[in-house]
Amino acid sequence: MLAFIENVVRNLDKLGINEQYAKHFWEVSFFYDYFEYLKGALMALSIAVLYMSVIIRKRQMPSAA
């Protein structure tokens with residue numbers, strides 16, 4: 001979603017905004033440049049949360065004995 005917003009901001013001149021004003025935003029590319037790193041961090045966070053939920057579930061299960 002943030003990459004889409006960044007793309008819209010970079011292409012304001014195609015949306016009817018004055019080109020002189022839109023030129024200031026042509027170099028905005030944070031999410032485009034760092035997408036791989038951001039995606040990796042979010043995937044690592046997701047895996048950590050899943051792992052913690054498995055550990056918590058194992059601790060809460062009553063023993064069969």
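Rings of Phe, Tyr and Trp, the last taken by its six-membered ring, are regarded as a pair if their centres lie within 6.5 Å. In the predicted model described here, Phe30, Phe31, Tyr34 and Tyr37 form one aromatic cluster under this criterion, and a search of the whole structure finds four aromatic pairs. The rings of Phe30 and Phe31 have their centres 5.2 Å apart and their planes at 85°, so this pair is classed as edge-to-face, the angle being over the 60 degrees that this class requires. Phe30 also pairs with Tyr34, with 5.2 Å from centre to centre and 45° between the planes, and this second arrangement is tilted.

Leu38 belongs to helix α4, which comprises residues 35-60, and, when residues up to four places away in sequence are not counted, Leu38 is in contact with Phe30 and Phe31. Because its relative accessibility is 34%, Leu38 is assigned to the partly exposed category. Between Leu38 and Ser53, which are 15 residues apart along the chain, the separation of the C-alpha atoms is 23 Å.

Charged side chains were examined next. By the rule applied, the count comes to one salt bridge, in which the side chains of Glu6 and Arg10 meet with a nitrogen-to-oxygen distance of 3.0 Å. Both residues lie in helix α1 (residues 2-10), and because they are four residues apart in that helix, about one helical turn separates Glu6 from Arg10. Glu6 counts as buried, since its relative accessibility of 6% falls under the 20% limit for that category. Arg10, besides its salt bridge with Glu6, lies over the face of Tyr32, at 5.7 Å from the ring centre.

A nonpolar patch on the surface is formed by Met1, Leu2, Phe4, Ile5, Val8, Leu15, Ile17 and Tyr21, which together have about 840 Å² of accessible area. Helix α1 supplies the largest share of this patch, namely four residues. Leu15, one of the members of the patch, is located in the loop between α1 and α2 (19-22), and at 57% relative accessibility Leu15 counts as exposed, given that the exposed category begins over 50%.

Glu27 is found in the loop that lies between α2 and α3 (30-33), and Glu27 is counted as exposed because its relative accessibility is 70%. Although Glu27 and Val9 are 18 residues apart in sequence, their C-alpha atoms are 9.9 Å apart in space.

Methods. Residues are numbered from 1 along each chain as its sequence is written. This is a predicted model: local features need pLDDT of at least 70, side-chain atom pairs count only at pLDDT 80 or more; totals for chains, interfaces and linings use all residues. Side-chain values use heavy atoms; hydrogens and water are left out. Helices (H or I, at least four residues) and strands (E, at least two) are DSSP runs, numbered from the N terminus. Buried means under 20% relative accessible area, exposed over 50%, partly exposed in between (1.4 Å probe, protein chains only). Contact means heavy atoms within 4.5 Å. A salt bridge is a side-chain nitrogen of Lys or Arg within 4 Å of a carboxyl oxygen of Asp or Glu. Rings of Phe, Tyr and Trp (its six-membered ring) pair if their centres lie within 6.5 Å; planes under 30 degrees apart count as stacked, over 60 as edge-to-face and the rest as tilted. A charge sits over a ring if NZ of Lys or CZ of Arg is within 6 Å of the ring centre and within 35 degrees of the ring normal. Patches are made of residues with over 30% relative accessible area and no salt bridge: like charges are joined within 9 Å, nonpolar side chains (Val, Leu, Ile, Met, Phe, Trp, Tyr) within 5 Å. Accessible areas come from the Shrake-Rupley method with a 1.4 Å probe; for residues, only the protein chains shown count as cover.
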